[in-house]
Amino acid sequence: MTVAPPVDLPYQIIWRSRALRQGAHRSTQSGAGGLFRDLATLLEHRDPRRIDLRQTLRDPFGMLHVRRFEERSQIGVTLLLDVSGSMGFHGAARKMALAADLAQVFAAAARRAGDTFALYAADDQVHDALSVPPTRSRTGEETMLAALRAYVPKRKGASGLVEAAGKIGRKRSLVVIVSDFLLSEVQLEALFAALSGHDVVPIRVADTRESATLPSWGLFELADLETGRRRLVVMRPALKAEWQRRIEARRAFFRSLAARHGREPFEITDRIAWDRLGAHLAAGA
Amino acid sequence: MNFGLSTPMVLLLLPLALLPLLRSAQVPQNFPSIEDIETDPVSVAVDWVLRLAGALAITALILGIGGLHGLGRTIEKTGEGAHIVLLIDRSSSMDNTFAGRAPEGGEESKSAAARRLLKDFILRRQHDLVGVAAFSTSPMHVLPMTEHKEAVLAAVDAMDRPGLAFTNVGRGLALALDMQEADTSPAARVVVLVSDGAAVIDRKVQDALRTAFARRPINLYWLFLRTEGTPGISSVPAPGEEDTPQAMPERHLDRFFKSLGISYRAFEAENPEAVGHAIAEISKLERSPITYTERIPHEDLKGRAFAVALVGLLILLAAKLAEVRLVPATEGA
């Protein structure tokens, strides 16, 4: 079950970063290196080292033309991590362990690509102790991961995710949301609305034990991890089908909402299929 | 019905019965979110059944431990019957057969026949209050008025003991009347005199009896177990023989009883069958309404309390056996 996370997860964006700092992603910046982009007069782009002689000679007005190239810039990568009670579910896998694996890989990938990495953990509020502000440094990464692996979610609600979305800043960045997305429809819509300026990669963490492999017959008492409310369930095939129908309806709503706001969500059930996640991120959309 | 507890202190534990209502016996299993999933009526019903079964089991166990019992009490009922005093002659002649001999082989003595038939009579009469007195030379108070059939049967059985020689009817009757005296209920009063002969009643005793009989109406039945060849109740003295109580005590006792002005019947029996007929006749005659008290004994309800607790616990056990885990325990923690 514990597939060692890969060291790198190449992610792509299909938009152009506006960041000034050089990096690995397509950028709106034009400069001296990379792919040819267009020609401009020397007055527009004052870089006499890139004067295009051919174009200058061809110009009947005798203007000096300069070649412009695309720069590659960095982007900000932010991981929004839902640490509400429901993420504490331990079925076929620990959801928090999966989340920590994802944080580890994204932090490493961002570092390798030269992007800043930030992590905001939130339930009904943002947890500063678990959060990491945008950084390019490797310092503190181990501490962050250790804290995430040790954390036992207990508080309810995920409204802090919306608050954390506000901390990301206005510059378009890659926002990875790791959550089970068991939020109310209103909360989900608010979250996606708050992140509308960013490239959002929702990653839904699910577990077969909470839906697919529910027993067909039997008696069990469930304790809601969010509210602590208890309920006795006399499970039978009809009820199981009903439950699965509801869980599926919830998932379908989330998928359509996510697709409307950008990317198709990536879904993790029990284990992270790293190659599929890599392909999903490399596609860029 | 009233209940009692041998150890009322256990009631202090009764609040424990609320525990199943607060906490379930099932192991709570974490689940991400149940808010979105509607409650299922069957599950809710089962939940309540289990909680109530738990509360019931605890309550029943506490009551069982405390020694639950129904308090004994008496209730008044109305039936048919009478308050009867059996006044039995214990003179030694009763131990002879109807033929006047000592019983041999399969023969039955008068007292044995009377005993057998009287016991039958007592068993058939459900609601009677029966007292037993015996007399020979002097009267004996055998058993006060009681409704306990076993006691009466035992008293009748005690007629077995060999008796004394004389027959003192007068004092016997006085004792029987005394026994009825204590009883104030409006039930019909009956004295059944069982004897195989009569005797002279003293003039003074006669007066006392006359007064006593006049004070309260009593039905008197004389079951005369006549030995073959002896003078009967209705024997008329042959001409020339003297007609005195000394000579013909039966005839004169009968005349005395008739003169009392009470409801009186004499049965003359010369064999066990006749005794049976006479007793059946008495049984038929004494059918007036009677209020009698029925004792309901102290009843131990511990067993039932534990049975109820067992039912509750079996329900809980079934639920426990039906319990499944979403995540197998081997994978937990």
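Biologist: Why does D270(A) count as partly exposed?

Modeller: In this predicted model, D270(A) has 18 C-beta neighbours inside 10 Å. A buried residue needs 20 or more, and an exposed residue has 12 or fewer. The value of 18 lies in between, and therefore D270(A) counts as partly exposed. Its place is in the loop between β10 (266–269) and α7 (274–283) of chain A.

Biologist: What makes the phi of D270(A) worth noting?

Modeller: The phi of D270(A) is near 70°, which is a positive value in a residue other than glycine. F181(A) is also a residue other than glycine with a positive phi, near 50°.

Biologist: How do you know whether F181(A) is buried or exposed?

Modeller: F181(A) has 26 other C-beta atoms within 10 Å. The cut-off for a buried residue is 20 or more, and therefore F181(A) is buried. F181(A) is placed in the loop between β6 (174–179) and α5 (185–194) of chain A.

Biologist: Which residues touch the most other members of the largest nonpolar core?

Modeller: That core has 86 residues, and L80(A), L81(A), A99(A), A103(A), F106(A) and V176(A) touch the most other members. Its largest share, 10 residues, comes from helix α2 (residues 95–113) of chain A. Leaving aside residues up to four places away in sequence, L80(A) touches Y120(A), L161(A), A164(A), A165(A), V175(A), V176(A) and I177(A). Apart from this core lies another, of 58 residues, including A82(B), A188(B), V194(B) and L253(B).

Biologist: What makes β4(A) and β5(A) a pair, and in which sense do they run?

Modeller: Strand β4 (residues 116–122) and strand β5 (residues 126–135) of chain A are joined over four bridges. A pair requires at least two bridges, so the four bridges between β4(A) and β5(A) meet the requirement, and the sense is antiparallel. One bridge sets A121(A) against its partner H127(A) in β5(A). The two strands form a hairpin, with three residues between them.

Biologist: What makes T137(B) partly exposed?

Modeller: T137(B) has 14 C-beta neighbours inside 10 Å. The limit for an exposed residue is 12 or fewer, and a buried one needs 20 or more, so T137(B) counts as partly exposed. T137(B) is in the loop between β6 (129–135) and β7 (139–146) of chain B. T137(B) and F166(B) are 29 residues apart in sequence, yet their C-alpha atoms are 4.8 Å apart in space.

Biologist: Which strands are called edge strands in the open sheet of chain B?

Modeller: The sheet has three strands in the order β1-β3-β12, and the pairing is antiparallel. Its edge strands are β1 (3–5) and β12 (299–300) of chain B, each of which pairs on one side only. Three bridges join β1(B) to strand β3 (residues 68–70) of chain B, and the bridge partner of F3(B) is G70(B) in β3(B).

Biologist: How many residues of each chain are in contact with the other chain?

Modeller: 26 residues of chain B are in contact with 30 residues of chain A. The chain B side divides into 13 nonpolar, seven polar and six charged residues. The elements giving two or more residues to that side are β2 (28–31) and α2 (41–65) of chain B.

Biologist: What makes β8(A) and β2(B) a pair?

Modeller: Strand β8 (residues 218–224) of chain A and β2(B) share four bridges in the parallel sense. At least two bridges are needed, so these strands of two chains count as paired. A223(A) stands opposite N30(B) in β2(B).

Conventions:
Residues numbered from 1 in each chain as written. Chains lettered and ligands numbered in written order. Predicted model: local features only at pLDDT ≥ 70, side-chain atom pairs only at ≥ 80, totals over all residues. Contact = placed C-beta atoms within 7 Å. Nonpolar A, V, L, I, M, F, W, Y, C, P; charged D, E, K, R; others polar. Core = buried A, V, L, I, M, F, W, Y, C linked by C-beta atoms within 7 Å.
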